[in-house]
Amino acid sequence: MLDQQAFFYYPLLHPTKMLTPMKSPLRIAVQKSGRLQEESLKLLKESGLHFNNGKDQLKTQADNFPVELLFLRDDDIPQYIEDRVADAGIVGENVFREKQKNNKLIQRLGFAKCRLSIAVPRTENYSGAQWLQNKNIATSYPNIVQQFLNDRGVKAGIHEISGSVEIAPGIGLADAICDIVSSGSTLMSNGLKEAETIMESEAVLVATPELESSKKEILDELLFRVQAVQSAKNNKYILMNCPNEAIAKITAVIPGMKSPTIMALGRPGWSSLHSVVDENDFWKKINQLKSLGAEGILVIPIEKMIA
Ligand code: ATP
Ligand code: ZN
């Protein structure tokens, strides 16, 4: 007999009940090749989605979650979302901001971190955005650059080119460029220097603001999982032995999610204390714990963390 309940809603938390009628899957666009692809797929896998991503595949369906992945050129993803070919996607924040499509930023994802900067010939003395007045800037990000200039009341020409932006000043096409800078070595070999960062970027999950409610439920469930994966990455599980008289002070340093777990050790007067510590101030806290008398400190990665 069919499961009555599963008949009415997609069995999100019951992947084994897949024979019941399905609502249409959430279509998520990811980059088909490039710097975003590997981490995007890794995040989805860590969020519990099983799928095959064979080479040259255009799309694939997760076998345990109502999601279909579309493999597209990252720069096209915002347009596909606006056109409702995809419901959501993972792109660089730079692309999201540049394209100005009908997309909503749902969640910052913490990978593909980079910056968009103005670069000028090494010999120039860049004194601030005013330096750009009446100059020509070559970039693949005309909207972001225009916004930057508008905010500072600077008038400059923007020359849009789609690749190899850094050669533009050398061939007399522009006085400055605006592009993604990672190491700076590409700039250097083209006689340029980074003058000013105009935007910091990282991968973001974006979606159409017009999701129907069944797909919104799928997105919310995915988001819940993504956040659990992210907080796990930002935290470590920590165990240590400590003298009983230090427990109160140690608890103040690492309060954990609610409070630490404390268990008596076989050795009288000592306890084992377990808690969670934020990755960002990890080393500072370790030093505090040691000075409070903690010994035998073990630090363990957390796979998922649900507050
Ligand atoms: P194309 O689409 O033509 O292949 P692209 O620059 O758009 O080129 P990638 O180089 O794969 O594609 O970059 C995709 C995104 O990754 C960029 O939009 C940016 O958000 C991010 N990114 C770019 N360079 C770096 C970098 N050096 N380190 C980390 N993230 C980066
Ligand atoms: Zn691209």
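Helix H3 (93-99), strand E9 (176-181) and helix H5 (185-189) each contribute at least two residues to the lining of the largest pocket. The structure is a predicted model. That pocket lies between domain 1 (4-112 + 203-231) and domain 2 (114-200), because both domains give residues to its lining.

**Domains**
- The chain is split into domain 1 (4-112 + 203-231), domain 2 (114-200) and domain 3 (234-301).
- The centres of domain 1 and domain 3, taken over C-alpha atoms, are 38 Å apart.

**Largest pocket**
- The volume of the largest pocket is about 1,100 Å³.
- Its lining consists of 40 residues, and those nearest the centre of the pocket are Arg35, Asn94, Tyr141, Asp179 and Ile180.
- Sorted by class, the lining of the largest pocket holds 13 nonpolar, 14 polar and 13 charged residues.

**Second largest pocket**
- The second largest pocket has a volume of about 230 Å³.
- Residues lining this pocket include Glu39, Leu43 and Glu46, as well as Leu109, Gly110, Phe111 and Lys113.
- Glu202, Val229, Gln230, Lys233 and Asn234 are also among the residues that line the second largest pocket.
- Helix H1 (37-46) and helix H6 (213-233) each supply at least two residues of this lining.
- The lining of the second largest pocket divides into 4 nonpolar, 3 polar and 5 charged residues.

**Cavities**
- The model has 2 cavities of 30 Å³ or more.
- The second largest cavity has a volume of about 40 Å³.
- H1 and H6 are the elements that give two or more residues to the lining of this second largest cavity.
- The residues around the second largest cavity are Ile28, Leu43, Leu44, Ile90, Leu109, Leu205, Leu222 and Val226.
- This lining has 8 nonpolar residues, with no polar and no charged ones.

**Aromatic pairs**
- Over the whole structure, 2 aromatic pairs are found.
- Tyrosine 126 and tryptophan 131 form a tilted pair, because their ring centres are 5.8 Å apart and their planes stand at 50°.
- Phenylalanine 282 and tryptophan 283 form an edge-to-face pair, with 4.9 Å from centre to centre and 75° between the planes.
- Tyrosine 126 is buried, at 14% relative accessibility, and tryptophan 131 is buried too, with a relative accessible area of 11%.
- Phenylalanine 282 is buried at 9% relative accessibility, whereas tryptophan 283 is exposed at 65%.

**Glutamate 68**
- Glutamate 68 sits in strand E3 (residues 67-72).
- Glutamate 68 counts as buried because its relative accessibility is 14%, and the cut-off for buried is under 20%.
- Leaving out residues up to four places away in sequence, glutamate 68 touches Pro25, Leu26, Arg27 and Ile28, along with Lys59, Thr60 and Gln61.

Definitions and conventions:
Residues numbered from 1 in each chain as written. Chains lettered and ligands numbered in written order. Predicted model: local features only at pLDDT ≥ 70, side-chain atom pairs only at ≥ 80, totals over all residues. Heavy atoms only, no water. Domains from an automatic or database assignment. Helix = DSSP H or I, 4+ residues; strand = E, 2+ residues; numbered from the N terminus. Buried < 20%, exposed > 50% of the residue type's maximum accessible area, 1.4 Å probe, protein only. Contact = heavy atoms within 4.5 Å. 1 Å grid on protein atoms, 1.4 Å probe; cavity = no way out; pocket = protein on both sides within 12 Å on 5 of 7 lines; lining within 4 Å. Points joined across faces, edges and corners; volume = space filled by probe spheres on them. Nonpolar A, V, L, I, M, F, W, Y, C, P; charged D, E, K, R; others polar. Phe/Tyr/Trp six-rings, centres within 6.5 Å; stacked < 30°, edge-to-face > 60°.
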